[in-house]
Amino acid sequence: MKHWRISLANDPGAKVEFDCAQGMTIHAAARDAGYRVRASCKSGGCGICAATLRSGSVDYVSPVSKAKLEGCPPATVFLCQATPTQDCCFSTDWQWSVIDKTPLSRRMATAGKENKEE
Ligand code: FES
């Protein structure tokens with residue numbers, strides 16, 4: 001299975017890179033790599049996950065809202081339904097976050113210790 005390299009950058013200069021398997025959405029690949037990207041409907045209907053494609057190319061795994069896409073600047077891609085067909089670089093006007101993969105029980109135990117130290 002092919003994998004493509006995805007780069008996300010936003011205006012303040014932050015940048016992350018991760019791999020995306022052929023046929024997988026960029027949203028899902030980002031999540032698997034530990035990044036939470038902006039999304040709401042996750043079905044191509046709202047446009048909140050929009051990013052600007054700076055290089056590369058994508059296909060959509062299922063149709064996205066033409067009405068929403070037509071209202072966006074050229075090269076806009078809805079990441080929740082987009083899958084790469086080559087390495088891609090995107091810019092965003094929103095910031096992703098890093099998913100904390102620490103088990104909840106460990107986080108709660110750590111939080112308890114922090115509270116006792118206060
Ligand atoms: S999350 Fe709604 S279009 Fe992507």
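Reader: How many bridges join β4 to strand β8?

Author: In this predicted model, strand β8 covers residues 88-92. It runs antiparallel to β4. The number of bridges that join β4 to β8 is three.

Reader: Which residue in β6 stands opposite Thr-52?

Author: Strand β4 comprises residues 50-55, and β4 also pairs with β6 in the antiparallel sense over three bridges. In β6, the residue opposite Thr-52 is Thr-76.

Reader: In what order do the five strands of the open sheet stand?

Author: Strands of a sheet pair through backbone hydrogen bonds, either parallel or antiparallel. Here the pairing is mixed, and the twist averages 35 degrees from one strand to the next. The order of the five strands is β2-β1-β8-β4-β6.

Reader: Which strands stand at the edges, each with a single partner strand?

Author: A strand at an edge has a single partner, so one side of it is left without a neighbour in the sheet. This applies to the strand of residues 15-21 and to the strand of residues 76-78. The strands at the edges are therefore β2 and β6.

Reader: Which residue in β2 stands opposite Ser-7?

Author: Strand β1 spans residues 3-10. Seven bridges join β1 to β2, and the two strands run antiparallel. The residue of β2 that stands opposite Ser-7 is Glu-17.

Reader: Which residues touch the most other members of the largest nonpolar core?

Author: In soluble globular proteins, nonpolar side chains tend to be buried together. The largest nonpolar core of this model has 20 residues. The elements that give two or more residues to this core are β1, α1 (26-32), β4, β6 and β8. The residues that touch the most other members are Ile-6, Ile-26, Val-77, Phe-78 and Leu-79.

Reader: Which residues does Ile-6 touch, not counting residues up to four places away in sequence?

Author: Ile-6 is one of the core residues that touch the most other members. Among the residues it touches are Glu-17 and Ile-26.

Reader: What percentage of the residues of the chain count as buried?

Author: The secondary structure of the chain comes to three helices and nine strands. A residue is buried if 20 or more other C-beta atoms lie within 10 Å of its own. Of the 118 residues of the chain, the share that count as buried is 22%.

Terms used: Residues are numbered from 1 along each chain as its sequence is written. This is a predicted model: local features need pLDDT of at least 70, side-chain atom pairs count only at pLDDT 80 or more; totals for chains, interfaces and linings use all residues. Two strands pair if DSSP finds at least two bridges between them. Helices (H or I, at least four residues) and strands (E, at least two) are DSSP runs, numbered from the N terminus. Axes are lines fitted to C-alpha atoms, for helices over the stretch in contact, and angles run from 0 to 180 degrees between N-to-C directions. A nonpolar core is a set of buried Ala, Val, Leu, Ile, Met, Phe, Trp, Tyr and Cys residues joined through C-beta atoms within 7 Å. A residue is buried if 20 or more other C-beta atoms lie within 10 Å of its own, exposed if 12 or fewer, and partly exposed in between; C-beta atoms are placed from the backbone. Two residues are in contact if their C-beta atoms, placed from the backbone, lie within 7 Å.
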